[in-house]
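Q: I've got a protein model open and I'd like to learn how to read it. Can you walk me through a few features?

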Amino acid sequence: MATAVLVLNCGSSSVKYALIDPDSGHRHLVGLAERVGSPEVSVKATRGSDSYQVHPQDSSHAGVLTEVLREVSELPGVSVRAVGHRVVHGGEHFAASVLVDEGAVAAIKAVTSLAPLHNPANLTGIEAASAALPGVPQVAVFDTAFHQSMPPSSFRYAVPARWYREHGVRRYGFHGTSHRYVSEKAAELLGRPVEETCLVTAHLGNGCSAAAVKGGLSMDTSMGLTPLEGLVMGTRSGDIDPGVLPYVAEREGSDLSAVLAALNKDSGLLGLSELSNDMRTVSTAARQGSEAASLAIEVFCYRLAKYVAALTVPLGRLDALVFTGGIGENDAWVRSKTMALLGFLGIVEDEAANAEHGRASSGRVSRAGDTLALVVPTDEELVIARDTAALVPDEGRSSR
């Protein structure tokens, strides 16, 4: 019987899962539960060429996970070797993936206030997997771990030092598994050891972040204490003067919590375009003449280009700009507009290669030169599966 790693990514209202062979990357099973916690909850899964959908009676995270884990445990011919969990925030406790034990759970709980929407859901996944698959090892893989190599000059805020000492107020960064994966793949495409590369990686989706990766290590990144800092995103504002919060709260007769919620949920592409948080919808509207949608894209690309330029400072040089994530991999227009702003770094768009997303040019979407732009599809689930397998040697364990 084959063994595989079950990867669980429990979000605030979703559960993404996959049963993966960590060596080959083959997916025995892939699924996504959406609208978790609501009566409309549904689970869509694919096994081989078969796709199907189920509607759990219990819409809670625990209920959905019970359904998912039952399905996994009944899959013929494959047993679960270990479970790898995406955990959004590890604070300063974790610089690498770890086996889950009581100490790890306690440390994850200790930083829940830094990721109140995500860490509790991640912990629910750990608890549900422990109950459904007793004796099967579990591993926590942290979004923040990759960025623990940042020096203090990158991660410290210029705020009272006791805020850092007593409350952990610093920049942590996120999307670490994605930045790590695409930087390693980009090095392969460049034909160099990752230890000899200087890259800016841009993970662009509904959440967006950029990172300076030197020699395979994160030197700086755009996100901070929370995922709100940095680039313009689907519904998040990215960088903003903190003075906006009390200013708007006073004028709208609300409080800081309401303004912060608006910066997280009603801003970004959605806030600027007043149409959608989805770049595809915004791009269509812009091409049809919407000034608000056009502005949203201009701000998005300008902010991205500005961060790319800034992130070359800790690198000393730039070998390649790497686009990844749903927008980064699939939106040629966004890439084109961004590259047009970065000509001074030696990046010049190859229009034909960019139009086909670099598929026929080994990921390259710029003209051949000293500084390249690449498209590298991310695979965070495979990173989690491989980290998990590295910590749990295959000894023929079965989940049954």
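Q: What do the side chains of R171 and E229 do when they meet?
A: The general idea first: side chains of opposite charge can pair when their charged atoms come close. Here, R171 and E229 form a salt bridge, at 3.4 Å from N to O. The term means a side-chain nitrogen of Lys or Arg within 4 Å of a carboxyl oxygen of Asp or Glu. This is a predicted model, where local features need pLDDT of at least 70 and side-chain atom pairs count only at pLDDT 80 or more, while totals for chains, interfaces and linings use all residues. Residues are numbered from 1 along each chain as its sequence is written, and side-chain values use heavy atoms, with hydrogens and water left out.

Q: Which parts does that pair tie together?
A: R171 sits in the loop between α5 (161-167) and α6 (176-190), and E229 in the loop between β11 (217-221) and α7 (244-252), so the pair links parts 58 residues apart in sequence. Those helices (H or I, at least four residues) and strands (E, at least two) are DSSP runs, numbered from the N terminus.

Q: Is R171 buried or exposed?
A: Buried means under 20% relative accessible area, exposed means over 50%, and partly exposed is in between (1.4 Å probe, protein chains only). R171 is buried, at 7%, and E229 is partly exposed, at 22%.

Q: How many salt bridges does the structure hold?
A: It holds 17. One of them joins E250 and R251, at 3.8 Å from N to O; E250 is exposed at 63%, and so is R251 at 53%. Another joins D350 and R364, at 3.2 Å. D350 is in the loop between α13 (332-340) and α14 (351-355) and R364 in the loop between α14 and β13, so that pair ties together parts 14 residues apart in sequence. Salt bridges with shared partners also join E67, R70 and E74 into one network.

Q: What is the order of the strands in the open sheet of eight?
A: Two strands pair if DSSP finds at least two bridges between them. Here the order is β5-β4-β3-β2-β1-β6-β8-β7, with mixed pairing. β5 (50-54) and β7 (98-99) are at the edges with a single partner strand each, so one side of each has no neighbour in the sheet. Inside the sheet order, β1 (residues 2-10) and β6 (residues 78-87) run parallel over seven bridges, and V7 has G84 in β6 as its bridge partner.
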